[in-house]
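Open the model in your viewer and keep the selection panel at hand.

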Amino acid sequence: MVGKPRLHYFDGRGRMESIRWLLATAGVEFEEKFIETPEDLDKLRNDGSLMFQQVPMVEIDGMKLVQSRAILNYIAAKYNLYGRDIKERALIDVYTEGMADLTEMILHVPLCPPDEKDAKINHQERTTNRYFLAFEKVLKSHGQDYLVGNRLSKADILLVELLYIVEELDPSLLAKFPLLKGLRTKISNLPTVKKFLQPGSARKPPLDEKSLAEAKKIFRIP
């Protein structure tokens with residue numbers, strides 16, 4: 001019997017949070033092995049668990065998968081969240097790559113020097129509007145409940161995760177996008193997602209100064 005997926009990362013969002021969202025939405029129970037010290041990370045590197053010496057890493061189905069997008073694709077395919085055919089999969093990839101661009105900017109805001117954060121956030125606001133406008137148009141163009149094929153896919157899940165993150169930064173950024181807000185409500189009411197959004201779940205809180213300092217120490221970031 002194959003055990004639960006095991007997630008190796010620090011106790012924070014980072015590049016593992018989307019993986020947590022996808023597994024939780026699929027109703028998959030998973031375990032987390034937190035990296036708490038630089039030595040924990042060194043151990044994973046030295047025992048050959050990390051192909052490219054980087055985390056996140058997920059143990060699943062007898063594999064030690066690395067590279068967050070590859071992990072997401074595997075989980076999506078395994079749990080029928082990756083479209084019905086190659087065309088739907090291509091659209092899902094297009095949308096999630098756009099989301100990844102925006103997420104990358106958001107991930108780097110806490111690492112900016114204090115005097116650069118305002119400029120970074122202002123740029124992020126403009127970019128958010130650009131990407132969110134595109135996704136609003138997709139939903140409007142076909143009038144369906146989901147982004148692709150009128151069924152739940154990883155694109156919907158990762159977009160809703162992103163909507164929650166942006167709302168934490170500035171709730172006003174979603175005001176102009178009623179269809180995106182509707183999608184967020186629909187996904188949030190799925191039983192598995194509703195459970196994941198409750199306090200005490202595996203969902204991680206926003207990065208604060210203490211968590212950022214701990215992450216920098218683990219990854220030896222100056």
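Helices (H or I, at least four residues) and strands (E, at least two) are DSSP runs, numbered from the N terminus. This is a predicted model, where local features need pLDDT of at least 70, side-chain atom pairs count only at pLDDT 80 or more, and totals for chains, interfaces and linings use all residues. Residues are numbered from 1 along each chain as its sequence is written, and side-chain values use heavy atoms, with hydrogens and water left out.

**Stop 1: the largest pocket.** On a 1 Å grid over the protein atoms alone, a pocket is an open set of points with protein on both sides within 12 Å along at least five of seven lines; a cavity is a set where a 1.4 Å probe fits but cannot get out; lining residues have an atom within 4 Å of a point. Select Tyr9, Arg13, Gly14, Arg15 and Leu107, which lie nearest the centre of the largest pocket among its 50 lining residues. Its space is about 1,400 Å³, a volume being the space filled by probe spheres set on the points, with grid points joined across faces, edges and corners. Now colour helix H4 (86-108). H4 gives the largest share of this lining, 10 residues. Helices H1 (17-25), H2, H3 (68-78), H6 (154-169) and H9 each supply at least two as well. The lining divides into 24 nonpolar, 11 polar and 15 charged residues. Here Ala, Val, Leu, Ile, Met, Phe, Trp, Tyr, Cys and Pro count as nonpolar, Asp, Glu, Lys and Arg as charged, and the others, Gly among them, as polar.

**Stop 2: the largest cavity.** Select Arg13, Glu17, Trp21, Glu161, Tyr164, Ile165 and Arg203, the lining of the largest cavity. Its volume is about 30 Å³. Which helix gives the largest share of this lining? H6 does, with 3 residues. The lining holds 3 nonpolar, no polar and 4 charged residues.

**Stop 3: helix H9.** Select residues 209-218; Leu212, Ala215 and Ile218 are buried (under 20% relative accessible area). Look down the axis: the buried residues fall within an arc of 125°, so they line one face of the helix. That arc is taken from the directions from the helix axis to the C-beta atoms. On the face turned away, find Glu209, Lys210 and Lys217, which are exposed (over 50%). Finish at Arg220, after H9, where phi is positive, near 55°.

Methods:
Buried means under 20% relative accessible area, exposed over 50%, partly exposed in between (1.4 Å probe, protein chains only).
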